[in-house]
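This report describes a protein chain from its overall make-up down to individual residues. The sequence and the structure are shown first.

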Amino acid sequence: HHHRRCHQHHQQEQEQHQHTHHHPLNDIVAINQLPTNTTSSASKDRSSYIVDKNHNKKQETNTAIMVKSISLLPLVVAGAAAFTAQQPLNTRTTTSLYGGSSGYATSRAGKEERVATIKGLLETSEMIFTVPANSMTVQESEKLRRSMPEGTTVSVIKNTLMNRAVDGTEFDSASTLLKGAHMWFFIEDDISATIKAYSAFLKETGKKETHEIIGGVLESTAYDAKGVDAIGKLPSKDELYAKIAGAIKAVPTKVARVIKAPGSKLARAIKLAGETKE
């Protein structure tokens with residue numbers, strides 16, 4: 001009996017040892033007994049991790065670009081403002097020939113002011129005449145202005161403004177000449193000298209064929225090109241002064257010569273008057 005109890009006790013110890021002892025083969029068996037989809041599930045988990053990681057990196061990159069763009073925005077705005085400030089507001093070129101083309105000049109107030117200026121020139125002018133304004137450079141127009149005598153004003157005027165200015169004045173017949181672009185001459189004093197100066201300018205610049213005088217107005221009468229040319233051939237003010245001065249200077253000499261001439265009626269009359277007085 002005692003022997004059987006010892007044998008049972010020994011068997012129990014062996015069973016306990018088998019249950020508690022971990023053998024490496026058990027791990028191999030456990031691994032082999034895993035489901036076949038365990039590896040694919042792990043791969044999917046790893047792929048999901050990689051995709052999520054790449055997505056997070058892309059979001060971080062986009063966020064960095066947005067932050068950088070926002071930080072550069074003030075610099076871009078400042079640069080644009082500086083560039084705009086450096087640009088001239090009016091890019092149209094002002095010339096001496098055509099008087100510029102600012103916004104005010106084309107406004108109603110600008111046109112009214114221009115008409116008033118033309119009326120002022122008409123009030124002080126004895127004669128006006130016009131020539132073509134096209135195909136003339138700024139340098140040529142400046143040269144023409146400098147060649148004019150004192151008291152003569154040269155100006156390019158739009159037909160609509162000139163028509164309004166001459167209306168109701170002694171120069172209203174100038175409206176018949178308003179065709180094409182015109183350069184007008186306002187002559188206060190020396191008519192002949194002005195016309196002669198313009199003829200000399202045409203000869204010097206070779207524009208006689210293209211820029212002949214169109215016509216003019218003198219004492220409420222309109223003249224064509226030939227009429228203006230004929231007026232220009234009259235003696236100028238300086239020439240008239242010279243002739244008058246010469247005539248006045250010659251009068252005493254002629255009177256003395258007549259008085260002293262022997263046998264002259266004036267000499268005999270003077271002598272007779274003296275004898276009668278005695």
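## An aromatic cluster

In this predicted model, Tyr-198 has a relative accessible area of 0% and is therefore buried. Phe-185 likewise counts as buried, because its relative accessibility is 0%. Ring pairs join Phe-129, Phe-185, Tyr-198 and Phe-201 into a cluster.

The structure holds 4 aromatic pairs. One of them is formed by Phe-129 and Phe-185, whose rings are stacked, with 4.4 Å from centre to centre and 10° between the planes. This pair links distant parts of the chain, since Phe-129 belongs to strand 1 and Phe-185 to strand 3, 56 residues apart. Both Phe-129 and Phe-185 are buried. The rings of Phe-185 and Tyr-198 have a centre distance of 5.3 Å and an angle of 70° between their planes; because planes over 60 degrees apart count as edge-to-face, this pair is edge-to-face. Phe-185 is in strand 3 and Tyr-198 in helix 8 (residues 191-205), so the pair ties together parts that are 13 residues apart in sequence.

Why is strand 1 described as largely enclosed by the rest of the structure? The reason is that 6 of the 6 residues of this strand (residues 127-132) are buried.

Strand 1 pairs with strand 3 (residues 182-187) through 6 bridges, and the two run antiparallel. Within this pairing, Pro-132 has His-182 of strand 3 as its bridge partner. Strand 1 is also joined to strand 4 (residues 215-218), here by 4 bridges and again in an antiparallel arrangement. Opposite Thr-130 stands Gly-215 of strand 4.

## Two loop residues with positive phi

Most residues other than glycine have a negative phi. Ser-135 is not a glycine, yet its phi is positive, at about 55°. Ser-135 is placed in the loop between strand 1 and helix 6 (138-147). With a relative accessible area of 58%, Ser-135 is exposed, because the cut-off for exposed residues is over 50%.

Glu-219 also has a positive phi, of about 50°, although it is not a glycine. The loop between strand 4 and strand 5 (221-224) holds Glu-219. The relative accessible area of Glu-219 is 63%, so this residue is exposed.

## A nonpolar patch on the surface

Which residues form a nonpolar patch on the surface? Tyr-241, Ile-244 and Ile-248 do, with about 340 Å² of accessible area together.

Ile-248 is part of helix 10, which covers residues 237-260. The relative accessibility of Ile-248 is 56%, and the residue therefore counts as exposed.

## The chain as a whole

The protein chain contains 11 helices and 5 strands. Of its 278 residues, 22% count as buried. The accessible surface of the chain comes to about 20300 Å², and 58% of that surface belongs to carbon and sulfur atoms.

Among the contacts in the chain with a separation of 6 or more, 77% are between residues 24 or more positions apart.

How values were computed. Residues numbered from 1 in each chain as written. Predicted model: local features only at pLDDT ≥ 70, side-chain atom pairs only at ≥ 80, totals over all residues. Heavy atoms only, no water. Patch = residues over 30% accessible without salt bridge, like charges linked within 9 Å, V, L, I, M, F, W, Y side chains within 5 Å. Areas by Shrake-Rupley, 256 points an atom, 1.4 Å probe, with all protein chains shown as cover. Salt bridge = Lys/Arg side-chain N within 4 Å of Asp/Glu carboxyl O. Buried < 20%, exposed > 50% of the residue type's maximum accessible area, 1.4 Å probe, protein only. Pairing = 2+ DSSP bridges. Phe/Tyr/Trp six-rings, centres within 6.5 Å; stacked < 30°, edge-to-face > 60°. Contact = heavy atoms within 4.5 Å.
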